[in-house]
Amino acid sequence: MRESSLMRLQYVTAVAAIVLVSLHLLMQGVLVPYGEAVSFQRVLSVYRSAVDAALLEVLLLVVLAHGFNGLRIILLEWRQEAAWTRGVNWGVLVVTLALMGYGTRTVILAATGQVT
Amino acid sequence: MEVSLRVKRFDPSVDVAPHYERYDVPSREGMTVLDALIYVKDRLDHGLAVRFSCRMASCGSCGMKVNGKPRLACETQLGDLGPGAATVEPMDNFPVVRDLVVDLESFFSRHTSLSPRLLRKRDEAEQESPSGEYLMFPAELESMVQFTYCIKCGLCSSSCPTASTDGSFPGPQALAQAYRYLADPRDEGGKERVEAVDTAHGVWRCHFAGTCSAVCPKGVDPALGIQLLKRHVMAATSPLSRKKGEKTGAEVFKNPNAGLVG
């Protein structure tokens, strides 16, 4: 993938993260009293709402893509060998996809009532 | 009246580590750091290594750090540096050849690697033997003329934080020159130029610290050039772009008349 494509992804996810995190905080932290918002049953009920679960899933994907691409950029500037560059690119991709998979699994389990 | 110079001395073939030497130089109004260094070399220490040529901020040979800031020694007046000794050191981010002379080989190779010349595809024979002039609109010239003022002194690259950590980063000078030719409506090397800078250690590694523009002795704004270059690369590689990565300067700047006028 071209570096410009990855940077385009970085900019788009940065803007999306600001919007989604703001929306998430507004829905779960401002409109609902804080103590109630983080109670276990209340969190589960959020996952069981299709709209909220979809928002959390998109937020997960956006933040992971942005954060790990940022980490990739930092690591690329640390060393410059071709093998390091290749290793960092692939390593970060694998870790990001693994965490996206694990997070998505959590969202699905909670949304389908398999966590009680 | 005398001024004191603290000069960083280092000869890699002899010295284990750099050290500073102090020289007292009789000053006069308008005296530059380079004048003082030439006095030191002539009268006090013939062994001092310093590179200079034009003495009028045109050749870019006498780049060095004066009181911690990259400057041209020939246009930095001692009177402007304030009281106390002036500390003179070689530029950062380059290997030291000796004393104040640094090795600019990597700097010039990066400049050359981005093809700093007009690339024409359709008329190679015409390039060898021009039969007319290539015209451009004043607005097109305005878009890139400041980058033609670069004298390749290396001060921008010596101040760049990315260049200090990423040895593969082309640096502000080379990237600003890449933009200079991309923005030139007479140039047809858009695709090659975009591919050369759109890499893991290319234009995207600039974090817009802006130190390059702050130290440029010719008033060039390489940081601006790099941001414009990023915009150009984004446009050229966009999935929505009509001709992906193949825009010429004439197409980008919408000048159908760019080209030979006999």
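**Entry 1: chain B as a whole**

I began with burial: of the 262 residues in chain B, 41% are buried. I note at once that this is a predicted model. Next I took the overall extent. Along the principal axes, the C-alpha atoms of chain B fill a box of roughly 65 × 40 × 30 Å. I then listed the secondary structure and found eleven helices and nine strands in chain B. I also checked how far apart in sequence the contacts reach. Among contacts in chain B with a separation of 6 or more, 68% join residues 24 or more positions apart.

**Entry 2: the five-stranded sheet**

I followed the strands of one sheet in chain B. Five strands form this open sheet, and I read their order as E2-E1-E5-E3-E4. The pairing is mixed. Which strands stand at the edges? I found E2 and strand E4 (69-72) of chain B there, each pairing on one side only.

I then went through the partners of E1(B). Strand E1 (residues 2-9) pairs with strand E2 (residues 19-26) of chain B in the antiparallel sense. Eight bridges hold this pairing in my notes. With strand E5 (residues 86-89) of chain B, E1(B) runs parallel, and three bridges join the two.

I picked out single residues next. Arg6(B) has Arg22(B) of E2(B) opposite. Val7(B) stands opposite Glu21(B) in E2(B). In E5(B), Val7(B) has Val88(B) as its bridge partner. I kept a general point beside these entries: side chains in a regular strand alternate between the two faces of the sheet.

Last, I asked what lies across these strands. H1(B) lies across E1, E2, E3 and E5 of chain B. I noted that H1(B) runs at about 95 degrees to E2(B).

**Entry 3: two helices that cross**

I turned to a helix pair. Packed helices are described by the angle between their axes and the distance between the axes. I looked up both values for helix H7 (residues 172-182) and helix H10 (residues 222-237) of chain B. Their axes come within 8 Å and cross at roughly 55 degrees. H7(B) and H10(B) are therefore oblique to each other. I recorded the crossing of H7(B) past H10(B) as left-handed.

Which residues make the contact? From H7(B) I listed several, among them Pro172(B), Leu175(B), Ala176(B), Tyr179(B) and Leu182(B). From H10(B) I wrote down residues including Pro222(B), Ile226(B), Leu229(B) and His232(B). I sorted the contact of H7(B) with H10(B) by type: eleven residues are nonpolar, three polar and one charged.

**Entry 4: a loop residue, Asp221(B)**

I stopped at Asp221(B), which lies in the loop between H9 and H10 of chain B. Is Asp221(B) buried or partly exposed? I counted 19 C-beta neighbours inside 10 Å, so Asp221(B) counts as partly exposed. Leaving aside neighbours within four places in sequence, I found Asp221(B) in contact with Gln146(B) and Ser213(B). I also looked up His111(B). Asp221(B) and His111(B) are 110 residues apart in sequence and 17 Å apart in space, C-alpha to C-alpha.

**Entry 5: two positive phi values**

I checked backbone angles. Most residues other than glycine have a negative phi. Ala57(B) has a positive phi of about 55 degrees, although it is not a glycine. I placed Ala57(B) in the loop between helix H1 (33-44) and strand E3 (63-66) of chain B. With 18 other C-beta atoms within 10 Å, Ala57(B) is partly exposed.

I found Phe208(B) in the loop between helix H8 (190-197) and helix H9 (211-215) of chain B. Why does Phe208(B) count as exposed? I counted 12 C-beta neighbours inside 10 Å, and a residue with 12 or fewer is exposed.

**Entry 6: where chain A touches chain B**

Nine residues of chain A are in contact with 15 residues of chain B. Which elements of chain A give two or more residues to this side? I found helix H1 (3-30) and helix H4 (50-78) of chain A. H1(A) gives the most, with four residues. By type, I divided the side of chain A that touches chain B into two nonpolar, three polar and four charged residues.

Definitions and conventions
Residues numbered from 1 in each chain as written. Chains lettered and ligands numbered in written order. Predicted model: local features only at pLDDT ≥ 70, side-chain atom pairs only at ≥ 80, totals over all residues. Contact = placed C-beta atoms within 7 Å. Nonpolar A, V, L, I, M, F, W, Y, C, P; charged D, E, K, R; others polar. Buried ≥ 20, exposed ≤ 12 C-beta atoms within 10 Å, placed from the backbone. Pairing = 2+ DSSP bridges. Axes fitted to C-alpha atoms, helices over the stretch in contact; angles between N-to-C directions. Parallel < 35°, antiparallel > 145°, perpendicular 65-115°, else oblique. Left-handed = near helix turned anticlockwise from the far one by under 90°.
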